[in-house]
Amino acid sequence: MITTMGRKLAEDLDNLKPDFWSKADVGRWLKMSGFDHLISTFDEHDISGEVLMMLSEQDLRKPPLSLQKLGEIKRLSSNIARLQAAYTVPEKRSRRTRRDSIDSSKDWRSLSLVNKKESLKLLVAFLYGLCSLIVTSIVMTLAHDRVPDMKTIPPLPDIFLDNIPFIPHSFETAEACAVTLTAMFSCIILVHKQRLVILRRYCSIVGTVFFLRALTMLSTTLSVPGKHLENCEVRIGDSWDDRLQHVISIWRGAGMSISGVRTCGDYMFSGHTAVLTVLNLFVCEYSSSKLRFLQTLSWSLNLFGAFFILAAHEHYTIDVIVAFYITSRTFAYYHVLANSLAHKQYHSKELTWSWFPLYSYFEEHVDSKILNEYEWPWEPFVAFCTRRYHWLMLIREERRKNGVGTLSKTD
């Protein structure tokens, strides 16, 4: 059985297992266990809770720790062994757990959602995605005036568009599919325990996809796919004020025709298909495996949305194929890397830099596939308040017992 002080400390840390203690938490455990003089040594060698749980007696004896006193080594080794014994997760796991996670004993996702590092990562990912959308809007504005005149260069031959008649309002129907998928994804974000990680990955993947889309629009401009696109004949003009107004209108309407936004020149890579695909893949990846109906509905919305985009003659068939392929491969590539511990151990950061510039920073603490676990949206706030209450009670008790001793508060 673990010592009373160690158990109490774990409870005061919002019931976090020692695997999830920070270096400061390890220092408090050392102090409460009577090893105050080792706090600086452990901090110097970056010994967090996860590392503490892997320490053996030999690690204490050998460099770089090189503890010299036999009694001290034995007592500290005994305390660590008790921690390890008390918090070891049984090897037996259900079939669902084995499928959803490579190693649940390393479930780093039990960390509080108020973790500052995770919040900072989300902010960086959001800014990355935001920059990609700004660049895309600017490129769409420039590409609009480069679209060839329909009277000079008619729509290119297309096996789908040449055989399927134009269906009015089908483009708006495709956007309705995208709105429905967005609502489904938002519901998953609200109840998923790892909402910060999912949002971070979403921003990173969307940012990369739309940077690639901006590159295709800037490099090649095709003729309009349908003769009904009369707005393409209207030029924005050379005035930067007019161009800025057009960029703002794209932003204000989220690039959707149901918001009154009509753009031309964004061919070779359908942005609507990319959004439909990435939303569908995130819904299927992070929803419960029991919700087969939800996943089937998600795929149906994705495929029907792509069909309606073509039926509206707003994009060539190659636009939709390229968008679906690149978006799905980008999603798969990112998640294979994020879920592969072997890759992180044996491959260099430069390998993924060209695709995901911030990948190593975003996924540095993720060592397995995250569990699909859910909670009510208000539970993190309740846990946050409970933790603060426990800290206040712990500080009060320490002061009462020691007179002047206090316990610093860190997360």
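User: Which residues of H14 does H13 meet in this model?
Analyst: In this predicted model, the H13 side of the contact is made by Trp 299, Asn 302, Ala 306, Ile 309 and Leu 310. By class, the contact of H13 with H14 holds six nonpolar and two polar residues, with no charged ones. The residues that these meet in H14 are Thr 317, Val 320 and Phe 324.

User: Are H13 and H14 roughly parallel or roughly antiparallel?
Analyst: The crossing of H13 and H14 is right-handed. Their axes come within 9 Å and cross at roughly 150 degrees. Because an angle over 145 degrees counts as roughly antiparallel, the relation of H13 to H14 is roughly antiparallel.

User: How are H12 and H13 oriented to each other, and why?
Analyst: Helix H12 covers residues 271–286, and its axis comes within 9 Å of the axis of H13, with a crossing of roughly 175 degrees. The cut-off for this class is an angle over 145 degrees, and H12 and H13 are therefore roughly antiparallel.

User: How many residues of the contact of H12 with H13 are nonpolar, polar and charged?
Analyst: On the H12 side, the contact is made by His 272, Thr 273, Leu 276, Thr 277, Asn 280, Leu 281, Val 283 and Cys 284. On the H13 side, the residues include Leu 294, Gln 295, Trp 299, Asn 302, Ala 306 and Ile 309. Sorted by class, the residues of this contact are nine nonpolar, eight polar and no charged.

User: Is Ala 311 buried or exposed?
Analyst: Ala 311 has its place in helix H13, which covers residues 292–311. Leaving aside neighbours within four places in sequence, Ala 311 is in contact with Phe 160, Pro 165, Phe 166, Ile 167 and Ser 170. Its relative accessibility is 0%, and because buried means under 20%, Ala 311 counts as buried.

User: How many residues apart in sequence are Ala 311 and Ile 167?
Analyst: Ile 167 is among the residues in contact with Ala 311 once neighbours within four places in sequence are left aside. From C-alpha to C-alpha, Ala 311 and Ile 167 are 5.6 Å apart in space, while their separation in sequence is 144 residues.

User: Where is His 313, and what is its relative accessible area?
Analyst: His 313 has its place in the loop between H13 and helix H14 (317–339). Leaving aside neighbours within four places in sequence, His 313 is in contact with Leu 161, Ile 164, Pro 165, Phe 166, Pro 225, Gly 226, His 228 and Leu 229. His 313 is buried, and its relative accessible area is 10%.

User: Are H8 and H11 roughly perpendicular or oblique?
Analyst: The axes of helix H8 (residues 116–144) and helix H11 (residues 240–252) come within 9 Å and cross at roughly 130 degrees. H8 passes H11 in a right-handed crossing. Since 65 to 115 degrees counts as roughly perpendicular and over 145 as roughly antiparallel, the two helices are oblique.

User: Which residues of H11 meet H8?
Analyst: The residues of this contact divide into nine nonpolar, three polar and one charged. From H8 the contact includes Leu 130, Leu 133, Ile 134, Ser 137 and Met 140. The residues in H11 that meet H8 are Arg 243, His 246, Val 247, Ile 250 and Trp 251.

User: Which peptide bond is cis?
Analyst: Pro 64 is found in the loop between helix H5 (57–61) and helix H6 (70–86). With omega near 10 degrees, the cis peptide bond is the one from Pro 63 to Pro 64.

User: Is His 169 buried or exposed?
Analyst: His 169 lies in the loop between H8 and helix H9 (170–191). Although it is not a glycine, His 169 has a positive phi of about 65 degrees. At 61% relative accessibility, His 169 counts as exposed.

User: What share of the residues in the protein is buried?
Analyst: The protein has 18 helices and zero strands, and its accessible surface comes to about 21500 Å². Of the 411 residues in the protein, the buried share is 46%.

Key. Residues numbered from 1 in each chain as written. Predicted model: local features only at pLDDT ≥ 70, side-chain atom pairs only at ≥ 80, totals over all residues. Heavy atoms only, no water. Axes fitted to C-alpha atoms, helices over the stretch in contact; angles between N-to-C directions. Helix = DSSP H or I, 4+ residues; strand = E, 2+ residues; numbered from the N terminus. Parallel < 35°, antiparallel > 145°, perpendicular 65-115°, else oblique. Left-handed = near helix turned anticlockwise from the far one by under 90°. Contact = heavy atoms within 4.5 Å. Nonpolar A, V, L, I, M, F, W, Y, C, P; charged D, E, K, R; others polar. Buried < 20%, exposed > 50% of the residue type's maximum accessible area, 1.4 Å probe, protein only. Areas by Shrake-Rupley, 256 points an atom, 1.4 Å probe, with all protein chains shown as cover.
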